[in-house]
Amino acid sequence: MKLDKATIEQLAIRLETCELEAVDTTKITDDYPDMDWDDAYAIQDEIKRRKIARGARIVGLKAGLTSHAKMKQMGVETPVFGFLADYFSVPEGGEIDTGKLIHPKVEPEIAFVTKAPLKGPGCHIGAVLAATDFVIPAIEIIDSRYRDFKFDLKSVVADNCSSSRFVVGGRMGNVAELDLRTTGIVLEKNGEPVAFGAGAAVLGHPAAAIAMLANMLGEKGEEIPAGTLILSGGITEAVAVKAGDSISLRVQDLGSVSVRFG
Ligand code: OOG
Ligand code: MG
């Protein structure tokens, strides 16, 4: 750790205020170039602590930057993780008020729900599939608090990996009956297909993103509890949206999920 407790608190307040008031800021490594990974996750943890203290519930986890398309788009090379708070969850077919967001983008993802705990180190795809209750299509809405979505990895981790909203819907899939590597997806914006992909875009297999997350948490002595919803990461580049847009994600064998922006 390079930052003291007061600085971590102050940076958490700065980033969370940007989230709650829908205003952007410059990346925090501009001010604290020496901050390390522990500092970055400590800031994210402090944002989580503040939300819980205000009565929010944590409803899941997310892995991010798990596909080459996303890493290339953002110019970074390591996957990261964040948390999902209750108010991030939008009902299937619901409307998101863009007035509450800065510059939202959508990502096509496959969400996992666990039925047994997962603990690293040594967690692998097999362990993840055995512990998966079901998978379900998900649209993640990211909204970096950094100006023009320009950040480095430590800044984005501190900002809870741009987490903002998410919507799950479609059909629950049994992983024993699916090959998630070849599961195809089509993301549609206003009825037009705008991005295409397959599950293998995410670390070769979306379950690998969940294993990686269990292993990263394992290093901190934490585990993924049973009953956790986890977003495995954008399969394609994120697509910018504005008020009036309508987004649908079709996932092979798993139906579709939609959301509108008002
Ligand atoms: C960071 C969050 C990335 C994903 O699925 O890759 C993410 C960002 O690109 O702003 O959620
Ligand atoms: Mg994502």
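Guide: With the overall fold, and with the note that this is a predicted model. The protein has six helices and 12 strands. Its radius of gyration is 17 Å, close to the 18 Å that the globule rule gives for 262 residues, so the protein is as compact as a globular protein of that length. Along the principal axes, the C-alpha atoms fill a box of roughly 50 × 45 × 35 Å.

Visitor: Which polar side-chain or backbone atoms of the protein lie by oxygen atoms of ligand 1, and how much of the ligand is buried?

Guide: A polar side-chain atom of Lys62 is 2.8 Å from a ligand oxygen, and a polar backbone atom of Leu65 is 2.7 Å from an oxygen of ligand 1. For Ser162, an N or O atom of the side chain lies 2.6 Å from a ligand oxygen. Ligand 1 taken alone exposes 320 Å², and the share of this that the protein buries is 100%.

Visitor: Which element gives the largest share of the shell around ligand 1?

Guide: The space that ligand 1 takes is the largest cavity. Two or more residues of the shell come from each of strand E1 (58-64), helix H3 (68-74), strand E4 (105-114) and strand E5 (132-142). The largest share is three residues, and it comes from E1.

Visitor: How many nonpolar residues are in the shell around ligand 1?

Guide: The ligand is surrounded by 17 residues, with Leu65, Lys70, Glu107, Ser162 and Gly234 the closest. Of the shell residues, five are charged, four are polar, and the nonpolar ones number eight.

Methods: Residues numbered from 1 in each chain as written. Chains lettered and ligands numbered in written order. Predicted model: local features only at pLDDT ≥ 70, side-chain atom pairs only at ≥ 80, totals over all residues. Heavy atoms only, no water. Near = heavy atom within 4 Å. Polar contact = N/O pair within 3.5 Å; in protein donor to acceptor, adjacent residues only side chain to side chain. Areas by Shrake-Rupley, 256 points an atom, 1.4 Å probe, with all protein chains shown as cover. 1 Å grid on protein atoms, 1.4 Å probe; cavity = no way out; pocket = protein on both sides within 12 Å on 5 of 7 lines; lining within 4 Å. Sits in = over half its atoms within 2 Å of the grid points. Helix = DSSP H or I, 4+ residues; strand = E, 2+ residues; numbered from the N terminus. Nonpolar A, V, L, I, M, F, W, Y, C, P; charged D, E, K, R; others polar. Rg over C-alpha atoms; globule rule 2.2 N^0.38 Å.
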